[in-house]
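Thanks for sending this one over.

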Amino acid sequence: MKQNAIIPIFIPHKGCPNDCVFCNQKKITARQKPFEISDVRGRIEEYLPTLLGRGLSTLEIAFFGGSFTGIPLEEQQAYLAVAKEYKDRGLVQRIRLSTRPDYIDDRILENLRIWGVDLIELGVQSLDPEVLRRSNRGHGPQIVYESAAKIREAGFELGIQLMIGLPGDTKEKSLYSVREAVGMKPAVARLYPTVILKETALYEDWKSGRFQPFSQEAMVDVTKEMYRILRDAGVNVIRVGLKSTDLISGKEGSAAVAETYHPAFRQLICAELAKEELERQLTALLAEGTGRPPEERERMAGQERSQVRERTAPGGGNSRRRVLFSSCGESFSDMIGNRGSNRAYFEEKYPELLFRFCRDDSLGQERYRAEWDQRTGRRPDR
Ligand code: SF4
């Protein structure tokens, strides 16, 4: 059973006079009817009946979009008053919001404290000055450090949102940003590979060839490392990649340039991490008892693979050793990989072995185990 759920309330571009190169909210918002206070209550009432009574440990109201603390204080209070009313009645447990790093000061934080906000997410995007400048963020890195410190000192939980592959970005800069972000001690983080949306400056730059996005392979490589750094630091990565519902569609169809968007991006990342962990364990398994240095083992493994290819060719014998890979149910699809990519990888790279993928719920989430498979006879995966 799911333990936490969020009631998302999207405040479209309110309070944001900026024009970040990747953001299309301003243009979209100009075509939409204004968001009213009554819409907040309506949204909460719409969600509550389906969420209450499900035994959730936490139900949270989340104000997303635009820059919440950039709107006039009275409007913030009006929105938050509705959320706090539900919190006071015990119908929701927490309130969170997202905003820009340069829209935090003592007065704003005091107001958020009064109205029961628990977690503040900062849209940091990058901590590299050039990336921030070329993305037209309107602030440099210094304000991010200051605001993050203020948020934590005022007793709020901190969330950090980072983007990967913005103009001027590189793998090194993204890894620098995530390490700096870890130093701010966030409770949660979101990683957003840059998606080129129509009606943005980035889209125009891409069309004219001035902006070249990361390839999907490069994006997976960088994001995977960032995810690992956050996870190893104990930061809960609550989102990787945009949801399809985040892509506001225009009449002309999807708002995103297809090659910069993957609907299952998180799975690509988690599957890569699963593959690396299983291969690390498999290498140790193969080395057990050989006492040989890694280069020699690799050379011998190569010889064995070509022999196995001959043995398993039509008409040859089949004496392949069996390996069992296990994960809990939640991580099973990551272990197999997107469209079976990990299964295909291991079967191709280790033809001398037979692989079985198995579910073991005694393992924690994102924990994997490789061992010799003691069972004889091959059964289907479960
Ligand atoms: S600050 Fe946020 S809402 Fe405003 S333009 Fe930038 S990304 Fe869009």
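1. Ser98 has Glu121, in strand 4, as its bridge partner. The pairing behind this joins strand 3 (residues 94-99) to strand 4 (residues 119-125), in the parallel sense and over 4 bridges. Please keep in mind throughout that this is a predicted model.

2. Stepping back to the sheet: it is open, has 7 strands in the order 1-2-3-4-5-6-7, and pairs in parallel. Strand 1 (4-10) and strand 7 (236-240) each have a single partner strand, so one side of each is left without a neighbour in the sheet. From one strand to the next, the twist averages 20 degrees.

3. Two helices on the sheet are worth a look. Helix 2 (residues 37-51) lies across strand 1 and strand 2 (58-64), and runs at about 160 degrees to strand 1. Helix 9 touches strand 5 (157-164), strand 6 (188-193) and strand 7, with a direction at about 175 degrees to that of strand 6.

4. Helix 9 also has a helical neighbour. Its axis and that of helix 10 (residues 265-287) come within 9 Å and cross at roughly 70 degrees. An angle of 65 to 115 degrees counts as roughly perpendicular, which means that helix 9 is roughly perpendicular to helix 10. On the helix 9 side, the residues that meet helix 10 include Met219, Val220, Tyr227 and Arg231; on the helix 10 side, Phe265, Leu268, Ile269 and Leu273 are among those that meet helix 9.

5. Which residues touch the most other members of the largest nonpolar core? They are Ile44, Ile61, Phe63, Leu112 and Ile120, in a core of 60 residues. Helix 9 (residues 216-232) gives the most to this core, with 6 residues. Apart from it lies another core, of 18 residues, including Phe22, Ile196, Leu197 and Phe211.

6. Leaving aside neighbours within four places in sequence, Ile61 is in contact with Ile7, Ile9, Ile44, Ala83, Tyr86, Val92, Arg94, Ile95 and Arg96.

7. Finally, some figures for the whole chain. The secondary structure consists of 13 helices and 10 strands, and 48% of the 382 residues count as buried. Among contacts between residues at least 6 apart in sequence, 79% join residues at least 24 apart. The accessible surface comes to about 18800 Å², with 49% belonging to carbon and sulfur atoms.

Terms used: Residues are numbered from 1 along each chain as its sequence is written. This is a predicted model: local features need pLDDT of at least 70, side-chain atom pairs count only at pLDDT 80 or more; totals for chains, interfaces and linings use all residues. Side-chain values use heavy atoms; hydrogens and water are left out. A nonpolar core is a set of buried Ala, Val, Leu, Ile, Met, Phe, Trp, Tyr and Cys residues joined through side-chain atoms within 4.5 Å. Buried means under 20% relative accessible area, exposed over 50%, partly exposed in between (1.4 Å probe, protein chains only). Contact means heavy atoms within 4.5 Å. Accessible areas come from the Shrake-Rupley method with a 1.4 Å probe; for residues, only the protein chains shown count as cover. Two strands pair if DSSP finds at least two bridges between them. Axes are lines fitted to C-alpha atoms, for helices over the stretch in contact, and angles run from 0 to 180 degrees between N-to-C directions. Angles under 35 degrees count as roughly parallel, over 145 as roughly antiparallel, 65 to 115 as roughly perpendicular and the rest as oblique.
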